[in-house]
Amino acid sequence: LGTQLRAAEAAGERLVVASHIALSTTGARPGMSAWNARDIAPVLEASPAVALCIAGHDHPGGYGRTLVKDQDGLNTFGRVHYVTLEAMLEAPEGSTSYAILEVYEHEVAIVGVGQATSRRLQVSPDGVFTGVATFGRAMDVMESGMEGEVVVERSEMGLLDWINANRGSMGGGDVELR
């Protein structure tokens, strides 16, 4: 694994690591991740090439990020997103559960269909927002696609501009952010 990660780093590649079972204890329920996940996750987290680890196995699905030490020695969330997709077995009869993975330079969109959860995961470089970004109507539109058709509304607005443009329209207070 280390050799493959170093080769990807040298080539300037970004990786989506796919596995049957979650490679971090944060991406699945207790006891449902790889038996050596505590050893694997730090190796993945240390590689700037790894952006996302995606798995199955734990049928209800899950999401997590590991805790790592920052430059001051404090715990913070790591860069790598660990996603376990919901299984078709968990979908009600007559329904489905699968996802479409859209990979872009600064984000990965997991577009859930049926019972699968949709997520927008920022994989931007250091100093740029890297949390789960589910603001705007994009996620609502992703989840309400018509009969399996996926429609995504995108905005070129930054988060702060979007919040100010939509303030008060979602039941919250009318406070402008600067």
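**Close-up 1. Arg29 and Asp58 meet in a salt bridge.** In this predicted model, local features need pLDDT of at least 70, side-chain atom pairs count only at pLDDT 80 or more, and totals for chains, interfaces and linings use all residues. Residues are numbered from 1 along each chain as its sequence is written, and side-chain values use heavy atoms, with hydrogens and water left out. The side chains of Arg29 and Asp58 come to 2.6 Å, N to O. A salt bridge here is a side-chain nitrogen of Lys or Arg within 4 Å of a carboxyl oxygen of Asp or Glu. Side chains of opposite charge can pair when their charged atoms come close. The pair links distant parts of the chain, 29 residues apart. Arg29 sits in the loop between β1 (15–18) and α2 (37–46). Asp58 sits in the loop between β2 and β3 (62–64). Helices (H or I, at least four residues) and strands (E, at least two) are DSSP runs, numbered from the N terminus. Are the two partners buried or exposed? Arg29 counts as partly exposed because its relative accessibility is 41%. Asp58 counts as buried, at 0%. Buried means under 20% relative accessible area, exposed over 50%, and partly exposed in between (1.4 Å probe, protein chains only).

**Close-up 2. Glu107 forms a salt bridge with Arg120.** The structure holds two salt bridges. In this one, the closest N and O atoms are 2.9 Å apart. Glu107 belongs to strand β8 (residues 107–114), and Arg120 to strand β9 (residues 119–122). The two residues are 13 apart and link distant parts of the chain. Glu107 is buried, with a relative accessible area of 9%. Arg120 also counts as buried, at 12% relative accessibility.

**Close-up 3. Three strands form an open sheet.** Their order is β7-β8-β9, and the pairing is antiparallel. The edge strands are β7 (97–103) and β9, and each pairs on one side only. Neighbouring strands are turned by 15° against each other on average, direction ignored. For such angles, axes are lines fitted to C-alpha atoms (for helices over the stretch in contact), and angles run from 0 to 180 degrees between N-to-C directions. Two strands pair if DSSP finds at least two bridges between them. How many bridges join β8 and β9? There are four, in the antiparallel sense. Val108 stands opposite Leu121 in β9.

**Close-up 4. Four strands form another open sheet.** The order is β1-β2-β6-β3, with mixed pairing. Strands of a sheet pair through backbone hydrogen bonds, either parallel or antiparallel. β1 and β3 are the edge strands, each pairing on one side only. β3 and β6 run antiparallel and are joined by three bridges. Gly62 has Thr84 in β6 as its bridge partner.

**Close-up 5. The structure holds one cavity of 30 Å³ or more.** A cavity is a set of points on a 1 Å grid over the protein atoms alone where a 1.4 Å probe fits but cannot get out; lining residues have an atom within 4 Å of a point. Grid points are joined across faces, edges and corners, and a volume is the space filled by probe spheres set on the points. The largest cavity holds about 40 Å³ of space. Its lining includes Ser19, Cys53, Tyr82 and Thr84. β2 (50–55) and β6 (81–84) are the elements that give two or more residues to this lining. By class, the lining has eight nonpolar, three polar and no charged residues. Ala, Val, Leu, Ile, Met, Phe, Trp, Tyr, Cys and Pro count as nonpolar, Asp, Glu, Lys and Arg as charged, and the others, Gly among them, as polar.

Conventions. On a 1 Å grid over the protein atoms alone, a cavity is a set of points where a 1.4 Å probe fits but cannot get out, and a pocket is an open set with protein on both sides within 12 Å along at least five of seven lines; lining residues have an atom within 4 Å of a point.
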